[in-house]
Amino acid sequence: MGKEYCGNFSTGYTVLPNAEGRLPGNETTASYKANPARIPATGQVLRFTCTAFLPIIGIATIMKFALSNLFGTITGGNMQPATDEDMPCRQAACEERGKRRGTALREQTAEIIRNKCLAGSQPKEGPLSIGGNMTVRKSHLFMLAVLVVLLTFSFSEAKLSDMDEACLGCHQMDQTLKFGNGETLSLKVNPAEVEKSVHRIIGCSTCHGFTSDNHPQRSYKSRKEFTSLSARKCRQCHDTKENTIHEKLIRESATNTTCTDCHGAHAVKRVRELSKGNQYCLTCHNKELEVHYKDGHKEMAIVDEAVLNKSVHKNLSCVDCHVMVSAEEHPVRRFQNKRDFSIVMAENCRRCHFDKYSRTLEGMHFKQLIEGNANAPICSDCHGTHAIASARKDKLANAQKCEKCHRDVYAIYAKSVHGAALIKENIEDVPICSDCHKAHDNAGPHTANFRISVPQICASCHANKEVMQKYGLSTKVIDTYLQDFHGVTMKFYRQYGQTEKKIAVCIDCHGVHDIARVKNQNAAVVKQHLLKRCQKCHADATANFPDSWVSHYEPNIKKAPMVYLVDLGYKIFIPFMIIGLLLQIILHLWRYAVNR
């Protein structure tokens, strides 16, 4: 009967429920519930009952038999082996019982009972008797055989009802439904998928609202409209209020995300059966989902699986970070804006990175955050959310993250000797922001403690022989600084806690972010900058004042030859003088001893 409707669909207009709640086909909710075609067939219900309860009954019965053989007790009877002395008594008792039952049973019954009693009255090698009267071996086998038959029936593959078979009579064939916007949808249904579905016992008409004998003609503007209207049937059995995230999705984006997008149409499965791990979450989060904030801002909640697989967290699951979400619970959390959500989520990082989190509590960024600056950097601002990369591999990418907040400073750094080498030449031996200011416990650069630690910060690179040899730079810069007046004074101030007194350090002469080469065309600029710094402490310093310092390099015959020769003369003259003095003392003592 249903074949005359196959492929007979018109297009071009929208079918929506009216004010009375009627759906296409003039069906109301009341008529839907009263339709007897929607009631599962008796065979399907029986099969479902067997599937659900017979395994439990079978297991309980088998355990009962096992315990009876183990402990010798079934319903209060004591199991005792029959002996030769007990045979006459047992035989007489069995014959008497057979005679009593003969009034209700035929003589054959008495003979069967007598045979059972005699069979149970064997020596110890024979079967055990129950209560001294009967054996259980044959009855056990009979019950087990019945259970095997029932369990086989319960686990047999479910078969579709005649009504469903009538629907599949057409829908097993290739046919399509064309929508008003030109989209198409295949109407072919795979019976194997329906039989494996969790909805296999409720039948086609339960969800579709009609039978093969009463098949209405319907049309829709688009495929999305068709799926959104069809999904309304799901709510007649599944209360969305039981799952807050489902209720929110249906209320806010019913036309964008429908039940079948995640659970399927005919091969309906629970989401936890569809996939495990991150795939469980991605079943929904690879769809066009939106997050709505109280300030009216909307954000897509789509997660790219390829991005996750490239992340350093690729071996973690979603719920490791989203701790309040699980397969059973997905609460709807409402935030004023996206920034509030990011700040709350960043707190979850400390569950694995507590050592780094504890250091951030001492940093200037966290201080600004607790003072009310919501724009202060948090974990996800620097490390990302799903596309989390190693902070040690790509220095340029890390430096560019600082640019988000410090654009002016980054522009100056990009023109410096360090920034140009990193950006233009891709030399990753140069320092970036986090090398000097630290990543987590970043102190304010204007504090006295930061200033006095500058020589140590510069030494981390400029005292590294392996790195400096690549570029022909001296590793003596720190030693020469600590040996001159400024370095010695700074060490004394630091030793006695007088860090507030300003002594010239590396950044005073070379600059902070705008560090330039000290040779070639930049030499004059560096000298002019150095003179201004010297005049802060030495007000009468002239243009030649910086030339009196031989820089960080040790003097040699080519560089500062006069200083080198004087230094060499002192190295020769002073030992000569000391040796001569000692010799004079020794000779004086020897003469004094002889004359005495």
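How far is the sulfur of Cys458 from the closest cysteine sulfur? The sulfur of Cys458 lies 3.8 Å from that of Cys506, which is too far for a bond. The structure is a predicted model, in which local features need pLDDT of at least 70 and side-chain atom pairs count only at pLDDT 80 or more, while totals for chains, interfaces and linings use all residues. Residues are numbered from 1 along each chain as its sequence is written, and side-chain values use heavy atoms, with hydrogens and water left out.

**Confidence**

- The mean pLDDT (the predictor's confidence in each residue, from 0 to 100) is 74 for the protein, and 69% of the residues score at least 70.
- Confidence is lowest in helix H1 (residues 29–34), with a mean of 35, and highest in H21, with 93; helices (H or I, at least four residues) and strands (E, at least two) are DSSP runs, numbered from the N terminus.
- Residues 116–136 have a pLDDT below 50, and this stretch makes 36 contacts in the model beyond near neighbours in sequence; a contact means heavy atoms within 4.5 Å.
- Residues 153–157 also have a pLDDT below 50, with seven contacts in the model beyond near neighbours in sequence.
- Where pLDDT is low, the predicted coordinates should not be read in detail.

**Cysteines**

- Zero disulfides are found in a search of the whole structure, a disulfide being a pair of cysteine sulfur atoms within 2.5 Å.
- Cys458 has a relative accessible area of 25% and is therefore partly exposed; buried means under 20% relative accessible area, exposed over 50%, and partly exposed in between (1.4 Å probe, protein chains only).
- Cys234 is likewise partly exposed, because its relative accessible area is 26%.

**Aromatic pairs**

- The model holds five aromatic pairs; rings of Phe, Tyr and Trp (its six-membered ring) pair if their centres lie within 6.5 Å, and planes under 30 degrees apart count as stacked, over 60 as edge-to-face and the rest as tilted.
- Phe335 and Phe341 form an edge-to-face pair, because their ring centres are 5.3 Å apart and their planes meet at 70 degrees.
- Phe335 counts as buried at 13% relative accessibility, whereas Phe341 counts as partly exposed at 28%.
- The pair formed by Tyr410 and Tyr413 is tilted, with 6.3 Å from centre to centre and 45 degrees between the planes.
- Both of these residues, Tyr410 and Tyr413, are buried, and they lie three residues apart in helix H21 (residues 407–415), about one turn of the helix.
- One aromatic cluster is formed by Phe179, Tyr220 and Phe226.

**Helix H9 and its packing**

- Within helix H9 (residues 223–231), the residues Glu225, Phe226, Thr227, Ser228, Leu229 and Ala231 are buried.
- Strand S5 (184–186) and helix H11 (259–263) are the elements against which the buried residues of H9 pack.

**Thr480 in helix H27**

- Thr480 belongs to helix H27 (residues 477–483) and counts as buried, at 15% relative accessibility.
- From its side chain, Thr480 reaches the backbone oxygen of Val477 at 3.0 Å.

**The loop between H30 and H31**

- Ala560 sits in the loop between helix H30 (523–537) and helix H31 (561–595).
- With a relative accessible area of 24%, Ala560 is partly exposed.
- Ala560 and Trp549 are eleven residues apart along the chain, and their C-alpha atoms are separated by 9.9 Å.

Definitions and conventions. A polar contact is a pair of N or O atoms within 3.5 Å; within protein, one must be able to donate a hydrogen and the other to accept it, and residues adjacent in sequence count only if both atoms are side-chain atoms.
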